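Visitor: I have a model open and a few things to ask about it. Can we go through it piece by piece?

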Amino acid sequence: MAVTIKSAREIEYMREAGRLLAEVHEELGAFIRPGISTLDIDMLGEKLIRSRGCVPNFLNYQGYPASICVSVNDEVVHGIPSSERILKEGDIVSLDAGLIYKGYHSDAARTHAVGRISEEAKKLIEVTRRSFFEGIKAAREGNHLYDISAAIDDYVSGLGYGIVRDLVGHGIGTHLHEDPQIPNFRQKRKGVRLQAGMTLAVEPMINAGGWQVDFLDDGWTVVTRDHSLSAHYENTILITEGEPEILTIT
């Protein structure tokens with residue numbers, strides 16, 4: 001496994017890619033409301049990315065047909081935007097987005113409430129967000145990669161939620177997906193030793209029910225097998241000599 005260590009110049013590009021993506025996510029979050037279509041979100045997202053002089057890295061990636069992955073309720077990830085999919089009061093919607101700045105990628109995801117949502121849905125979104133921050137407590141130079149996985153698992157499993165196992169986080173840099181893969185559940189091995197200069201996309205995907213998922217016939221959309229709600233929270237982070245630096249938060 002070859003995990004790239006970024007130079008000081010590359011880290012600056014990664015920081016800017018992350019900062020710009022954080023701005024895009026903030027504007028998309030403010031746009032979410034009942035009555036809009038998932039295609040409306042995608043169209044705005046692409047406009048916001050290109051207006052910053054960047055390129056949406058999801059568009060046409062391995063054939064994916066949109067710039068923003070928009071996943072509603074029991075859709076875990078990779079929902080394909082559609083003019084016919086209208087958000088309604090009480091839905092939750094996960095937005096996974098990324099961009100390329102001067103050849104360097106950023107990647108982040110957020111789950112949003114659509115109007116008023118149930119207490120169950122609010123708790124799921126918060127637990128998923130919190131699990132990311134619990135995980136990156138272990139993202140320190142000298143620790144091992146799967147310390148992150150174990151920290152996420154310890155927090156989430158204790159609350160009775162299902163951690164998606166079929167999809168994982170990843171390294172990121174000049175490619176959207178680089179080594180290493182980063183599971184969100186405890187591993188038997190330690191994984192690589194973390195070094196300053198590594199850039200990682202840590203992305204817990206948490207289900208209100210079981211961890212099992214199915215892949216729909218469109219070739220992209222992943223849904224919970226038991227049709228329970230699912231939430232997604234992701235940031236691109238930089239391993240430093242101290243605390244990890246979150247690149248995709250303003």
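Visitor: Where does Asp96 sit?
Guide: Asp96 lies in strand 4, a predicted element, since this is a predicted model in which local features need pLDDT of at least 70, side-chain atom pairs count only at pLDDT 80 or more, and totals for chains, interfaces and linings use all residues. Residues are numbered from 1 along each chain as its sequence is written, and side-chain values use heavy atoms, with hydrogens and water left out. Helices (H or I, at least four residues) and strands (E, at least two) are DSSP runs, numbered from the N terminus.

Visitor: Is Asp96 buried or exposed?
Guide: Asp96 counts as buried because its relative accessibility is 8%. Buried means under 20% relative accessible area, exposed over 50%, and partly exposed in between, with a 1.4 Å probe and protein chains only.

Visitor: What is Asp96 in contact with?
Guide: Setting aside neighbours within four places in sequence, the contacts of Asp96 include Asp107, Glu203, His232 and Glu234. Phe58, Ile68 and Cys69 are also among them. Contact means heavy atoms within 4.5 Å.

Visitor: And where is Asp107?
Guide: Asp107 is in strand 5, residues 104-113. Asp107 is buried too, with a relative accessible area of 2%.

Visitor: Which residues does UniProt list for "binding site"?
Guide: The unreviewed UniProt entry lists Asp96, Asp107 and Glu234. UniProt positions are given in the numbering used here, feature names are shortened, and annotations may be inferred rather than shown by experiment.

Visitor: How far apart are they?
Guide: They are spread over 139 residues of sequence but cluster in space, with a largest C-alpha distance of 8.1 Å. Asp96, Asp107 and Glu234 are in the lining of the largest pocket. On a 1 Å grid over the protein atoms alone, a pocket is an open set of points where a 1.4 Å probe fits, with protein on both sides within 12 Å along at least five of seven lines; lining residues have an atom within 4 Å of a point.

Visitor: Change of topic: what does strand 14 pair with?
Guide: Strand 14 pairs in the antiparallel sense with strand 9 (residues 199-202) over four bridges, and with strand 15 (residues 245-246) over two bridges, again antiparallel. Two strands pair if DSSP finds at least two bridges between them. Thr236 is the bridge partner of Ala201, and Ile246 that of Ile237. A hairpin of six residues joins strand 14 to strand 15.

Visitor: Which way do the residues of strand 14 point?
Guide: Asn235 and Ile237 point one way, Thr236 and Leu238 the other, and all are buried.

Visitor: Now helix 2. Which residues are buried there?
Guide: Thr38, Ile41, Asp42, Gly45, Leu48 and Ile49 are the buried ones. They sit on the same side of helix 2 because they cover an arc of only 130° around the axis, the arc being that of the directions from the helix axis to the C-beta atoms. Their cover includes helix 1, strand 1, strand 2 and strand 4.

Visitor: What is on the face turned away?
Guide: That face carries the exposed residues Met43, Lys47 and Ser51.

Visitor: Last one: where is there a cis peptide bond?
Guide: A cis bond joins Asp179 and Pro180, with omega about 5°. Pro180 is in strand 8.

Visitor: What about phi of Gln62?
Guide: Gln62 has a positive phi near 50° and is not a glycine. Most residues other than glycine have a negative phi, and most peptide bonds are trans. Gln62 is in the loop between strand 1 and strand 2 and counts as exposed at 65% relative accessibility.
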